[in-house]
Amino acid sequence: MPKSRVRLSILDQSPVIEGSSVADALAATVDLAQMADELGYHRYWCAEHHGSLALANPAPEIMVARLAAATKRIRVGSGGIMLPYYSPWKVAEQFLLLEALFPGRIDLGLGRAPGGDQRTARAVAGGQPASEQFPAQVALLAALLADNLPENHPYRELAMQPRTGSKPEIWMLGSSDFGGSLAAQLGLNFCFAHFINAQDGEAVSRQYREQFQPGYEQKPHAAVALFVICADTEQEAADLSAAVDLRRLYQAYGHNAPIPGVATAKSMQYSPRDQAIIDSERPRSIIGTPERVAERVQALKDGFAADEIVVLTVAASYKARQRSVQLLAESDLH
């Protein structure tokens with residue numbers, strides 16, 4: 001069990017690291033989930049991305065089933081399903097089935113971002129994703145899972161399957177006040193993506209708690225998702241940070257490539273423009289030795305008044321990622 005008393009969870013994007021294959025990335029996700037289960041992490045979420053050579057998982061609902069079968073205790077879920085692509089009814093069926101297979105262990109995290117470029121998004125959706133319908137989609141999905149449709153709803157007399165007496169947790173994932181406000185309105189759990197937006201999260205999370213109305217859940221429950229890498233030494237942390245810098249530069253320039261390794265990152269020479277981009281991106285990352293990381297994570301947990309911390313760790317090797325997860329579990333968070 002972890003030394004820390006903070007409820008720790010993991011968000012995994014199934015990164016494809018330079019020199020590795022998609023099969024390696026997916027196997028590493030299973031390995032990390034099993035490690036997190038043994039270390040006492042609370043949740044393990046799988047992200048959805050499309051069209052990226054750096055990220056291997058376009059179908060979190062499939063990976064959730066694989067991970068839940070490979071673990072014993074940890075909650076497993078999506079972080080998240082990009083709902084504008086899909087029918088709320090179909091998503092409800094998928095996650096009710098997962099809940100039936102693994103009762104009390106399934107989370108349904110929801111987002112509205114495309115999880116890829118706009119051309120790929122149109123291909124995935126078979127047209128333009130229905131982002132403007134997202135609030136209505138979430139409301140319908142929550143009502144379907146809770147078996148709580150209005151009496152005059154056209155789906156009211158239809159049989160949603162399977163019904164087993166329990167339901168997955170629903171989490172709204174967001175990096176702005178839109179997601180927080182929608183979660184508060186519908187009575188959902190809310191996780192703010194600090195790893196996307198390092199500026200506004202504390203105010204958004206506070207607003208979520210203040211505006212929360214009982215719905216799918218009866219009381220607010222908030223988490224913050226942080227990009228975290230723990231390393232044994234300052235030098236190792238600096239090397240891993242260099243690889244993160246290069247990855248963020250790839251993203252800024254639209255360069256579709258696997259996650260760079262340390263050797264590639266250390267061989268780079270950056271222009272002033274490159275360095276300015278790197279400097280602007282660094283606040284979204286927490287990288288260092290366990291003591292430094294724990295101090296920063298603790299400060300953010302307190303500032304957000306977060307009930308949970310969800311960590312995203314995209315390191316330059318799968319071994320470094322596993323070590324980071326272990327070191328964080330053993331840290332002095334409280």
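**Notes on the strands and salt bridges**

1. Ile-81 stands opposite Leu-110 in β4. Strand β3, covering residues 75-82, and strand β4, covering residues 106-111, pair in the parallel sense over five bridges, where pairing requires that DSSP finds at least two bridges between two strands. From β3 the chain passes through helix α3 (residues 88-101) to reach β4, and this β-α-β crossover is right-handed; the term applies if, with the strands pointing away from the viewer, the path from the first strand over the helix to the second runs clockwise. Helices (H or I, at least four residues) and strands (E, at least two) are DSSP runs, numbered from the N terminus.

2. This is a predicted model, in which local features need pLDDT of at least 70 and side-chain atom pairs count only at pLDDT 80 or more, whereas totals for chains, interfaces and linings use all residues. Residues are numbered from 1 along each chain as its sequence is written, and side-chain values use heavy atoms, with hydrogens and water left out.

3. Strand β3 also pairs with strand β2 (residues 43-46), the two running parallel and being joined by four bridges; within this pairing, Cys-46 has Ser-78 of β3 as its bridge partner. A right-handed β-α-β unit is made by β2, helix α2 (residues 60-70) and β3. Eight of the eight residues of β3 are buried, so the strand is largely enclosed by the rest of the structure; buried means under 20% relative accessible area, exposed over 50%, and partly exposed in between (1.4 Å probe, protein chains only).

4. Ser-9, found in strand β1 (residues 8-12), counts as buried because its relative accessibility is 1%. A polar atom of the Ser-9 side chain lies 3.1 Å from the backbone nitrogen of Arg-43. Leaving aside residues up to four places away in sequence, Ser-9 touches Tyr-41, His-42, Arg-43, Glu-308, Ile-309, Val-310 and Val-311, contact meaning heavy atoms within 4.5 Å.

5. The structure holds 16 salt bridges, each defined as a side-chain nitrogen of Lys or Arg within 4 Å of a carboxyl oxygen of Asp or Glu. One of them joins Arg-43 to Asp-107, with the closest N and O atoms 2.9 Å apart. Because Arg-43 lies in strand β2 and Asp-107 in strand β4, the pair ties together parts that are 64 residues apart in sequence. Both Arg-43 and Asp-107 are buried.

6. Where in the chain are the partners of the salt bridge between Arg-209 and Asp-307? The closest N and O atoms of Arg-209 and Asp-307 are 2.9 Å apart, and the pair links distant parts of the chain, with Arg-209 in helix α7 (residues 201-211) and Asp-307 in the loop between α11 (290-304) and β9 (308-312), 98 residues apart. Arg-209 is partly exposed, with a relative accessible area of 27%, and Asp-307 counts as partly exposed at 31% relative accessibility. Salt bridges that share partners also join Arg-7, Arg-43, Arg-75, Asp-107, Glu-169 and Glu-308 into one network.

7. A further salt bridge is formed by the side chains of Asp-147 and Arg-163, at 3.9 Å from N to O. Asp-147 and Arg-163 are each placed in the loop between α5 (134-146) and β5 (169-174), 16 residues apart. Asp-147 counts as exposed at 58% relative accessibility, while Arg-163 is partly exposed, with a relative accessible area of 35%.

Terms used
Polar contact = N/O pair within 3.5 Å; in protein donor to acceptor, adjacent residues only side chain to side chain.
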